Amino acid sequence: MLIDRFGRSIEYLRLSVTDRCDLRCSYCLPKGFKHFEVPEHWLSFDEIERVAAAFVRLGTRRIRLTGGEPLLRKDLPALAARLSALPGLEDLSLSTNGTQLQRHAEALYAAGVRRLNLSLDSLRRDCVEQITGSDNLPRVMEGLMAAKAAGFAPIKINMVAMRGVNEQDIDAMVAFCIEHGLVLRLIEAMPMGDTGRATQYLDLQPVLRRLCAQHGLVASAQTLGGGPARYWSRRDGKFSLGVITPISQHFCATCNRVRLSVDGTLYMCLGQEEKMELRPLLRAGIDDAGLEAAIREAIELKPERHEFREQPQKLVRFMSMTGG
């Protein structure tokens, strides 16, 4: 098992297959951003599989495919099939903005992906266009329904809640998720890059208290995956709400994950700079034992916690550079 200096078991790898995205969400990428990683630096599918296999041998049980928008990476279902076949991997999931999902849902399910997180910050078409930079809500809805038809479960809706932007849409999103059997996850905006710091932060603690009172939600022991969300559910089991609160109530003491970017950089914390570059090692011909040793060395760098509240200006890289 991978155990860091603070006794946390690292059993979850978030694996970015691209830093490209077809949207420009206001809290993630600035309009006109073009400083993407050159394709020559992307890890190949063979290299990705080698790193993933090493993590699984070291005790990782969950892998999430992320981006950017991961479905922009050509032949992604083929990579998913290779990863889902790794002995010992228990859970392969995907985060997506949904714009490409209608075309790929069936192939992804057939490849072994079983759970989806879909980013959707409003059900109002004009609000979605304001946040993402394009009029894409109908296409996202088509993708969501295709994913339901393909059999994905659970499907989680990730909603970044922003003061004065979409906070008034939370109740409508709750009703929509109840109607369609979806899990809603409300997320506090993080100060990553200039775009993240410019986002209107909304403290989710009062929102959570209100929703619990309105819908009879009680704290739930279920995890619904290996991520940082804390969950509340209706007693009849027909709705679950997750909250991810990196600012108002951070979850660093139980952090179980690291992130691999598209260029092979292993980031130890979303909100810190500790990292290890695996691409040079892979392309220099490192063997499996050496790769495992490098991963163990990297885990020793994992910091105790982020400093989003104490030092919001610290992190200059955008979310898409790290991997979601």
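Contact here means heavy atoms within 4.5 Å. The model is predicted: local features need pLDDT of at least 70, side-chain atom pairs count only at pLDDT 80 or more, and totals for chains, interfaces and linings use all residues. Residues are numbered from 1 along each chain as its sequence is written, and side-chain values use heavy atoms, with hydrogens and water left out.

View 1. Lys-156 sits in strand S5; strands (E, at least two residues) and helices (H or I, at least four) are DSSP runs numbered from the N terminus. Its relative accessibility is 2%, which counts as buried (buried is under 20% relative accessible area, exposed over 50%, partly exposed in between; 1.4 Å probe, protein chains only). Not counting residues up to four places away in sequence, Lys-156 touches Arg-115, Leu-116, Asn-117, Leu-118, Val-183, Arg-185, Leu-224, Gly-225 and Tyr-231.

**View 2. The annotated binding site.** An unreviewed UniProt entry gives the annotation "binding site" to Arg-14, Arg-64, Ser-95, Lys-156, Arg-257, Val-258 and Arg-259. UniProt positions follow the numbering used here, feature names are shortened, and annotations may be inferred rather than shown by experiment. Arg-64 belongs to strand S2 (residues 62-66) and is buried at 2% relative accessibility. Beyond its neighbours within four places in sequence, Arg-64 contacts Tyr-12, Leu-13, Arg-14, Leu-15, Ser-93, Leu-94, Ser-95, Arg-115 and Asn-117.

View 3. The whole structure holds 1 aromatic pair. Rings of Phe, Tyr and Trp (its six-membered ring) pair if their centres lie within 6.5 Å; planes under 30 degrees apart are stacked, over 60 edge-to-face, the rest tilted. Tyr-109 is in helix H3 (residues 101-110), and Phe-152 is in the loop between helix H5 (137-150) and strand S5 (155-161), 43 residues apart. Tyr-109 is partly exposed at 26%; Phe-152 is buried at 5%. Arg-114 lies over the face of Tyr-109, 3.8 Å from the ring centre (NZ of Lys or CZ of Arg within 6 Å of the centre and within 35 degrees of the ring normal).

**View 4. Salt bridges.** A search of the whole structure finds 16 salt bridges (a side-chain nitrogen of Lys or Arg within 4 Å of a carboxyl oxygen of Asp or Glu). Arg-62 and Glu-11 pair at 3.9 Å, N to O. Arg-62 lies in strand S2 and Glu-11 in the segment before strand S1 (12-16), so the pair ties together parts 51 residues apart in sequence. Salt bridges link Glu-11, Arg-62, Asp-91 and Arg-115 in a network. Asp-288 and Arg-50 pair at 2.7 Å, N to O. Asp-288 is in helix H10 (residues 288-299) and Arg-50 in helix H1 (residues 45-57), so parts 238 residues apart in sequence are tied together.

**View 5. Backbone details in two loops.** The peptide bond from Gly-67 to Gly-68 is cis, with omega near 20°. Gly-68 lies in the loop between S2 and helix H2 (76-84). Asp-75 is found in the loop between S2 and H2 and has a positive phi of about 65° although it is not a glycine. The bond from Ala-153 to Pro-154 is cis, with omega near -5°; Pro-154 lies in the loop between H5 and S5.
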